[in-house]
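Subject: Structure handover and notes

Hello,

The sequence and the structure are below, and my notes on them follow.

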Amino acid sequence: MRRLRNSQYHHHIGLSQLWRRNYGDDANVMGVTAAVIKGELRTKDVSVLPRSKYGGITHVTLLCGETIIGKQGAKYVTSLLSSARVPVDVQRIFVNQGQEYYNSVLRNRAAIHVDIQHDAKAKSQSLKICNDLDLHVFMTNLRSFPGFNCRFPNVDIQLIAQNNMGNYAELEYSPVEGVIEGLRVINSKDIKRFLRFAFKVAIAKKRRKVTIVHKSSEWPKTEGVLLDVASNLVKNEFPDINAEPMELDRCVARLILEPQNFDVVVTSDLYGTFMATICSAICGGSNLFSSIEIGDHHAVFKPLQTKLSLTNYKMLSPYGIVSTCVDLLHHLGHHQCAEALWSEMLRTMEEGIKTGDFEGKDRGEYVICNIMNKLRCNMFSKISKDS
């Protein structure tokens with residue numbers, strides 16, 4: 001009995017060491033001193049500063065780089081927000097400014113990220129933002145646009161995934177020499193918070209059919225928690241939600257053949273990026289869409305092309321940028337301006353104004369300028385009518 005108690009004690013000590021933010025150079029850490037050698041775990045509550053709104057103008061962070069994509073994105077965003085005539089100003093932060101990006105997002109609560117991250121350092125910085133600001137949800141809306149590479153009409157999928165649990169914590173350590181363990185730590189409390197958020201989004205968007213993607217046949221414990229919590233929430237809090245659990249393999253097969261049968265897709269951190277890539281490919285490509293990483297108080301808006309770090313694109317798509325600005329304006333409460341901007345993008349699509357990646361002849365700058373000019377014309381026509 002004494003030996004059992006001692007082993008439980010040492011096990012407890014080992015776990016407590018595991019949760020430290022410890023960056024040891026030596027990976028061969030032994031016994032109860034085993035520690036995390038990679039990862040950023042949030043150990044404190046998120047600081048919430050007063051809203052960054054001065055003189056009626058809301059300030060948001062704009063993260064960009066000195067690359068072609070970074071410069072393009074910054075120019076597109078500032079031009080669109082100016083033409084939409086909304087009281088929103090951007091604070092431009094460059095990717096090499098490090099901690100200042102975190103401080104700016106913490107202060108402003110909202111940010112647009114327009115530079116593609118493809119190296120380990122940039123991805124680590126993005127993960128740190130998600131963990132330190134507790135951006136626990138990733139969302140993107142994938143839909144079909146006629147004439148834009150989607151083979152199926154009437155596709156409209158709202159994807160909602162966990163964003164900073166499990167694999168996103170990047171917990172790796174070495175209990176004995178020559179052995180490396182990677183941990184995917186989850187808990188029912190955070191899963192309940194995530195699912196409650198997802199179900200509320202589904203109801204707010206007047207959607208009822210929710211497909212919960214999992215792989216409990218291979219991971220009965222970690223994936224089973226997601227299903228159990230979802231079942232209890234639907235039963236006790238969201239009786240109007242029609243939740244359908246579906247294995248990952250079957251879901252992907254049905255998505256490829258019948259994507260129009262899906263409404264809301266909810267999944268864990270393990271399959272979020274994977275599902276976003278599949279769904280966007282079905283609907284014409286990731287460069288058409290935007291994404292949101294959001295928590296209780298802060299949000300980062302990205303073109304899906306940037307979120308997925310698709311470096312095979314040499315240019316930044318104007319469609320993803322417009323959609324990102326629309327999401328931001330809705331988040332800030334400027335719904336009328338957001339709808340006007342969205343309507344103008346749909347108009348350019350219907351008029352056959354297309355970029356080269358959709359077999360068109362127009363440059364991204366022309367698409368943005370066409371939208372800007374129409375917004376300005378509408379503004380002046382409204383003024384003339386009022387006078």
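A salt bridge here is a side-chain nitrogen of Lys or Arg within 4 Å of a carboxyl oxygen of Asp or Glu. This is a predicted model, in which local features need pLDDT of at least 70 and side-chain atom pairs count only at pLDDT 80 or more, while totals for chains, interfaces and linings use all residues. Residues are numbered from 1 along each chain as its sequence is written, and side-chain values use heavy atoms, with hydrogens and water left out.

Salt bridges

The structure holds 15 salt bridges. One of them joins Glu365 and Arg363, with 3.6 Å from N to O. For accessibility, buried means under 20% relative accessible area, exposed over 50%, and partly exposed in between (1.4 Å probe, protein chains only). Arg363 is exposed at 54%, whereas Glu365 is partly exposed at 25%.

Another pair is Lys215 and Glu218, whose closest N and O atoms are 3.7 Å apart. Lys215 is buried, with 15% relative accessibility, and Glu218 is partly exposed at 48%. Glu351 and Arg347 also form a salt bridge, at 3.0 Å from N to O; Arg347 is buried, its relative accessible area being 16%. Beyond these pairs, a network of salt bridges links Asp134, Arg193 and Asp296.

Helix α8

Helices (H or I, at least four residues) and strands (E, at least two) are DSSP runs, numbered from the N terminus. Helix α8 covers residues 272-282, and its buried residues are Gly272, Met275, Ala276, Cys279, Ser280 and Ile282. Viewed down the axis of α8, these buried residues fall within an arc of 155 degrees, so they line one face of the helix. The arc is taken over the directions from the helix axis to the C-beta atoms. An α-helix has 3.6 residues a turn, so residues three or four places apart point the same way.

What do the buried residues of α8 pack against? Their partners are the strands β5 (137-143), β6 (156-162), β9 (209-214) and β11 (264-267), together with the helices α7 (248-257) and α9 (304-307). Contact means heavy atoms within 4.5 Å. Just after α8, Gly284 has a positive phi of about 120 degrees.

Cavities

A cavity is a set of points, on a 1 Å grid over the protein atoms alone, where a 1.4 Å probe fits but cannot get out; lining residues have an atom within 4 Å of a point. A volume is the space filled by probe spheres set on the points. There are 2 cavities of 30 Å³ or more in the structure.

The largest cavity has a volume of about 40 Å³. Its lining consists of Gln162, Arg184, Ile186, Ile191, Thr222, Glu223, Leu226 and Ser268. Helix α6 (residues 222-236) gives the largest share of this lining, 3 residues. By type, the lining of the largest cavity divides into 3 nonpolar, 3 polar and 2 charged residues. In this count Ala, Val, Leu, Ile, Met, Phe, Trp, Tyr, Cys and Pro are nonpolar, Asp, Glu, Lys and Arg are charged, and the others, Gly among them, are polar.

The second largest cavity holds about 30 Å³ of space. Among the residues lining the second largest cavity are Tyr101, His113, Glu293 and Lys302. Both α4 (120-132) and β13 (299-303) supply at least two residues of that lining, and the largest share, 3 residues, comes from α4. The lining of the second largest cavity divides into 5 nonpolar, 2 polar and 2 charged residues.

Regards

Conventions. 1 Å grid on protein atoms, 1.4 Å probe; cavity = no way out; pocket = protein on both sides within 12 Å on 5 of 7 lines; lining within 4 Å.
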